[in-house]
Amino acid sequence: MAEMTVELVAVERRLWSGQATLVSAQTTEGEIGIMYGHEPVLGQLVEGGTVAITTEGERLVAAVHGGFLSVTGKTVTILAESADFSGDIDVDAAKAVLADTTASDEAIAIAKGQLRAVERA
């Protein structure tokens with residue numbers, strides 16, 4: 001199966017870079033799946049969404065908060081405001097944010113995205 005170059009970058013650092021066979025992401029227009037040779041597209045990522053990257057041997061799922069997805073026929077670049085891999089997420093802390101009645105809308109969206117990423121992993 002043909003592979004494409006994928007980069008997942010958050011404001012603070014590059015989280016992942018490599019070859020993948022499939023990328024799926026939640027955008028403001030709906031969920032999109034990208035494979036090698038996809039038509040060029042630019043999408044806005046949803047607040048508290050997820051991105052899944054499938055390689056030959058593994059599937060990486062990350063919670064992303066805002067940003068953009070840029071696709072060419074051979075590359076996918078995900079530029080997120082913030083991102084966390086599902087394995088790095090503290091589930092109890094995310095649940096605590098959701099239980100906190102004083103939490104901001106942004107904090108709630110991030111926590112929901114983190115829990116969604118853990119479920120999808």
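Let's begin with G113, which sits in helix α2, a stretch covering residues 105-120. Keep in mind as you look around that this is a predicted model.

- G113 has a relative accessibility of 1%, so it counts as buried.
- Although G113 and V51 are 62 residues apart in sequence, their C-alpha atoms are 10.0 Å apart in space.

**T50 in strand β6**
- T50 belongs to strand β6, which spans residues 49-54.
- With 0% relative accessibility, T50 counts as buried too.
- Setting aside residues up to four places away in sequence, T50 touches a list of residues that includes S24, A62, V64, G113 and R116.
- R120 is also among the residues T50 touches, and a polar contact of 2.4 Å joins the side chains of T50 and R120.

- F68 is found in strand β7, made of residues 59-71.
- F68 is partly exposed, because its relative accessible area of 43% falls between the 20% and 50% cut-offs.

**The annotated domain**
- An unreviewed UniProt entry places "domain: ATP synthase F1 complex delta/epsilon subunit N-terminal" at residues 4-83.
- Over residues 4-83 the chain is 72% strand and 0% helix, and the C-alpha atoms at the ends are 21 Å apart.

How values were computed. Residues numbered from 1 in each chain as written. Predicted model: local features only at pLDDT ≥ 70, side-chain atom pairs only at ≥ 80, totals over all residues. Heavy atoms only, no water. Helix = DSSP H or I, 4+ residues; strand = E, 2+ residues; numbered from the N terminus. Buried < 20%, exposed > 50% of the residue type's maximum accessible area, 1.4 Å probe, protein only. UniProt positions renumbered as here; feature names shortened; annotations may be inferred. Polar contact = N/O pair within 3.5 Å; in protein donor to acceptor, adjacent residues only side chain to side chain. Contact = heavy atoms within 4.5 Å.
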